[in-house]
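Here is a short briefing on one protein model. Look over the sequence and the fold, then read the points below.

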Amino acid sequence: MVIDILHPGKAIVPKKEIREKLAKITHFAGSKTTGFGMIYDSLDYAKKNEPEHRYARHGLYEKKKTSRKQLKERKNRMKKVRGTAKVNVGAGKKPKE
């Protein structure tokens, strides 16, 4: 859906404010802003179809944090093996039974 928002006397309008007003479906007047938005029937349907970075912006998804050093070490370990063995290298250590 393409959205045209008119906002008199304001240079820009915060995205949070736009989301709130779209939820209420009110009339805008004044200066104009054009944007693109997607509206879903439910949160589950949105999570199924949208990429993770979009709902991470709204606090609905937490990305796992790994340190930069761990990523580089894993990359270098994977260089030493070939084929499907790379999957095992990236998995980490197996717990002792």
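Buried residues account for 11% of the 97 residues in the protein chain. The model is a predicted one. The chain's secondary structure comes to 5 helices and 2 strands.

**Fold**
- Along the sequence, the elements of the protein chain run β-α-β-α-α-α-α.
- Helix α1 covers residues 15-24.
- Lys 15 has its place in this helix, α1.

**Aromatic pairs**
- The structure contains 2 aromatic pairs.
- Tyr 55 and Tyr 61 have ring centres 5.9 Å apart and planes at 85°, so this pair is edge-to-face.
- The cut-off for that label is an angle over 60 degrees between the planes.
- Tyr 55 has a relative accessibility of 13%, so Tyr 55 counts as buried.
- The cut-off for buried is under 20% relative accessible area.
- Tyr 61 has a relative accessible area of 28%, so Tyr 61 is partly exposed.

**Salt bridge**
- Side chains of opposite charge can pair when their charged atoms come close.
- How many salt bridges does a search of the whole structure find? The search finds 1.
- Glu 50 forms a salt bridge with Arg 54. Their closest N and O atoms are 2.6 Å apart.
- Glu 50 counts as buried because its relative accessibility is 14%.
- Arg 54 counts as partly exposed, at 34% relative accessibility.

**Positive surface patch**
- Which residues gather in a patch of positive charge on the surface? They are Lys 15, Lys 16, Arg 19 and Arg 57.
- Lys 15 has a relative accessible area of 61%, so Lys 15 is exposed.
- The cut-off for exposed is over 50%.

Terms used. Residues are numbered from 1 along each chain as its sequence is written. This is a predicted model: local features need pLDDT of at least 70, side-chain atom pairs count only at pLDDT 80 or more; totals for chains, interfaces and linings use all residues. Side-chain values use heavy atoms; hydrogens and water are left out. Rings of Phe, Tyr and Trp (its six-membered ring) pair if their centres lie within 6.5 Å; planes under 30 degrees apart count as stacked, over 60 as edge-to-face and the rest as tilted. Buried means under 20% relative accessible area, exposed over 50%, partly exposed in between (1.4 Å probe, protein chains only). Patches are made of residues with over 30% relative accessible area and no salt bridge: like charges are joined within 9 Å, nonpolar side chains (Val, Leu, Ile, Met, Phe, Trp, Tyr) within 5 Å. Accessible areas come from the Shrake-Rupley method with a 1.4 Å probe; for residues, only the protein chains shown count as cover. A salt bridge is a side-chain nitrogen of Lys or Arg within 4 Å of a carboxyl oxygen of Asp or Glu. Lys and Arg count as positive and Asp and Glu as negative; His and the chain ends are not counted. The place of a charge is taken as NZ of Lys, CZ of Arg, CG of Asp or CD of Glu. Helices (H or I, at least four residues) and strands (E, at least two) are DSSP runs, numbered from the N terminus.
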